[in-house]
Amino acid sequence: MKFTWFNLMPWPYLPDDFRERHRSVWVDIPNTLYDPRRGHNVYHTYLDQLEYAETLGFDGIGCNEHHQNGYGLMPSPNLIAATLTRRTSRAAICVIGNSIAGYNPPIRVAEEFAMLDVMSGGRLVAGFPVGTSMDTNFCYGQIPALTRDKYREAHEMIMKAWASEEPFAFDGKYNQLRWVNCWPKPIQKPHPPIYIPGGGSIETWDFCLDYDYNYSYLSFFGYLRGKSLLDGYWERVAKRGKDESPYRAAFAQIICVADTDAEAERLYAEHCLYFFNRCLHIFPPFADPPGYRTMATVKYGALSQLTRARQKILENLTWKQLVDERFVIAGSPETVRQQLEECIKGLRIGHLFCLFHNGNMPDWKTRHSSKLFAEKVMPRLRDLWPDYKHDERWWIHPMDDRLRPEEQRPGAEKKHVEWPR
Amino acid sequence: MKWQVVDTAKGTRCRVLEAGSGAPVVFFHGAGGLLADNPFLDLLAQRHHVFAPEWPAYGESTGDELLEDMLDFALHGWDLVNALGLSQPHLIGHSMGGMIAAEMACLAPRDLSRLVLVGAAGLWLEDRPIPDIFAMLPHEIAEVLFVDPQRGAALLTGGADLSDMEALKDFYIVTQRRLAMAGKILFPIPNRRLSKRLYRLTADTLVLWGAQDRLIAPAYAAQWQALIPRARVQMIEGAGHMLPWEAPQAFADAVTNFLA
């Protein structure tokens, strides 16, 4: 098993009456709620946590891209990742990822991801999401019905740019470049491991399988609800005649560890409820513009969209519900281990994106929970997939002689150093 | 009125409502499509040979994957006119249909007789931003489209009982499919730079507007008039954006007078 410590970077100062006063945490959230002076402290707290996670032994540290969003302060995850290349040297840096349909031209993503891979010594995990409709359509103006087509074209350009050793012309429908010539190029060959975060679009499964990319199901609603979707994915894997390595799939799960189950509630309940009540308060039309989902997906999941069951659930959530329905895996190390084992085996996943910082959780609680997990839970879940022990197809392959910039005092004087040969 | 199906040279297959006799008139519907009842078409058919095609992805029309941008939509409009075998028809376009009809008239100004734009989309006034129909709850849509939202909601759903899950599901799928198509020329802002081509629109034009239009404010009528060489404006009191359905007689009278 591989464990990645992931931070969504929520804004922790949303007011108590946020739900009542505002229709959405995303897209049209009043930006007067953001205070840049507090933001300075918030960014550094979150960056410190990601760096701390490496020292705890997590395999990866992760960030993602959201725009105009109260639960995600990373319009540019690449800036976050860049700072991590200077302050870590072992963990994978998982950028899950860049919403490539919104980049103009998409060669920018090939360039920046190459920079990150080089700066980190080959530790980049490159995520290519279609992007949520909030981000890609409403904030970045892409036409919903053409978003997937544009995504496919951007993907084609980026992969070709990484593979090609000569400049080439790219005559796309959405992008025309006479000279594509990716410079710098990534360390990892043929390219960094590629993760495709998906919600519930069934086309994404085939896309992942066509190219043997990792399929990452990023849900905030726990493994009990994620099961039917991942079952669908594994059925598709079998149908396509692919091997069933669990490393083909990743899942995101909110995790809270304390000494006892009761202590977990006392420490973390209010912060998880902050996350579910305020951070997921999204105006429904922003989540479902016509054309964003293909008709096949709309028909596949039409009823679940209609009932708005999810919105209803969010209205009066309690800690008991969060825990019972496994939106949150919380409790003593043993409780968490048991439930995560059920999650990992039930979903057949080799990668877990662990969400330890939730909502407005203060730094000390985040670290306490992460540390207990790293010391008492993670070691006991490591070897759940013995048959795939040496399957590194979906993980980083860093260079052995990479530098350790985090061990240098910033700006320290150096002796006369030549370029290495 | 009767339905017929035509195939265009490009490969779309479109359902067309047809009635009446006289000079040919083509009515292009907006993003909401034709509704279950379209009495204003019957009124127009008393004097004209009326054709009301459904855009691909609407009703039983197919080939939506072949149309991606404004030029595709406008050429498709002419492909339909050709497939119907019409010569110099009058064109009427409502809302998104008006945007397409105006574009058609800019591309081939000598191929139509007269043009009627009804609450037409296609322009953007910074001080009168058009509400985002792609970011609305169902009841909010009826509120911006109709003077009487309750009656409007009933018209939109064709009287279907949306508390029935199956009916709701069908309605949802149909709506998603239509608006996905409309979004190709309306999202995120319904402005595909038509304004810089309107100098070519030399057909006599009637700009017809519901005086209580809450979606595309009546101020837009003056902007169309300013940009089109030979246009006049007529406001219809008591009607909103769905003017043809809200005031069918007033609509038909205004159009019939103009085309006479």
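Me: Leaving aside neighbours within four places in sequence, which residues is B:His49 in contact with?
Reply: This is a predicted model. B:His49 is found in strand S4 (residues 49-53) of chain B. Leaving aside its neighbours within four places in sequence, its contacts are B:Gly20, B:Ser21, B:Gly22, B:Ala23, B:Pro24 and B:Val25.

Me: Is B:His49 buried, partly exposed or exposed?
Reply: Count the other C-beta atoms within 10 Å: B:His49 has 19. A buried residue needs 20 or more, and an exposed one has 12 or fewer. So B:His49 is partly exposed.

Me: What is the strand order of the open sheet of eight strands in chain B?
Reply: The pairing in this sheet is mixed. S1 (2-7) and S8 (231-236) of chain B stand at the edges, each with a single partner strand, so one side of each has no neighbour in the sheet. Neighbouring strands are turned by 20° against each other on average, direction ignored. The order is S1-S2-S4-S3-S5-S6-S7-S8.

Me: In S6(B), which residue is the bridge partner of B:Leu91?
Reply: Strand S5 (residues 90-94) and strand S6 (residues 115-118) of chain B pair in the parallel sense. In S6(B), the partner of B:Leu91 is B:Leu115.

Me: What angle does the direction of helix H7 of chain B make with that of S8(B)?
Reply: Helix H7 (residues 219-227) of chain B packs on the sheet. There H7 touches S6, S7 (205-210) and S8 of chain B. Its direction makes an angle with that of S8(B) of about 165°.

Me: Is B:Ser95 buried or exposed?
Reply: B:Ser95 is found in the loop between S5 and helix H3 (96-107) of chain B. Its phi is positive, near 55°, though the residue is not glycine. Around B:Ser95 there are 30 other C-beta atoms within 10 Å, so the residue is buried.

Me: Which helix gives the most to the side of chain A that touches chain B?
Reply: 18 residues of chain A are in contact with 20 residues of chain B. Helices H6 (144-163), H10 (284-287) and H11 (295-307) of chain A each supply at least two residues of the side of chain A that touches chain B. By class, that side has 15 nonpolar, two polar and one charged residues. The most, six residues, comes from H11(A).

Me: Why is H7(A) oblique to H8(A)?
Reply: Helix H7 (residues 202-211) and helix H8 (residues 222-239) of chain A have axes 10 Å apart. H7(A) counts as oblique to H8(A) because they pack at an angle of about 40°.

Me: Which residue in S10(A) does A:Cys256 stand opposite?
Reply: Strand S9 (residues 249-257) of chain A pairs with S10(A) in the parallel sense over four bridges. Both faces of S10 (residues 328-331) are covered. A:Val328 and A:Ala330 are buried on one side, A:Ile329 and A:Gly331 on the other. Opposite A:Cys256 stands A:Ala330.

Me: What is the omega of the cis peptide bond from A:Asn104 to A:Pro105?
Reply: Most peptide bonds are trans. The bond from A:Asn104 to A:Pro105 is cis. A:Pro105 is found in the loop between strand S3 (92-95) and helix H4 (107-119) of chain A. The omega of this bond is near -5°.

Terms used: Residues are numbered from 1 along each chain as its sequence is written. Chains are lettered from A and ligands numbered from 1 in the order in which they are written. This is a predicted model: local features need pLDDT of at least 70, side-chain atom pairs count only at pLDDT 80 or more; totals for chains, interfaces and linings use all residues. Axes are lines fitted to C-alpha atoms, for helices over the stretch in contact, and angles run from 0 to 180 degrees between N-to-C directions. Angles under 35 degrees count as roughly parallel, over 145 as roughly antiparallel, 65 to 115 as roughly perpendicular and the rest as oblique. Two residues are in contact if their C-beta atoms, placed from the backbone, lie within 7 Å. Ala, Val, Leu, Ile, Met, Phe, Trp, Tyr, Cys and Pro count as nonpolar, Asp, Glu, Lys and Arg as charged, and the others, Gly among them, as polar. Two strands pair if DSSP finds at least two bridges between them.
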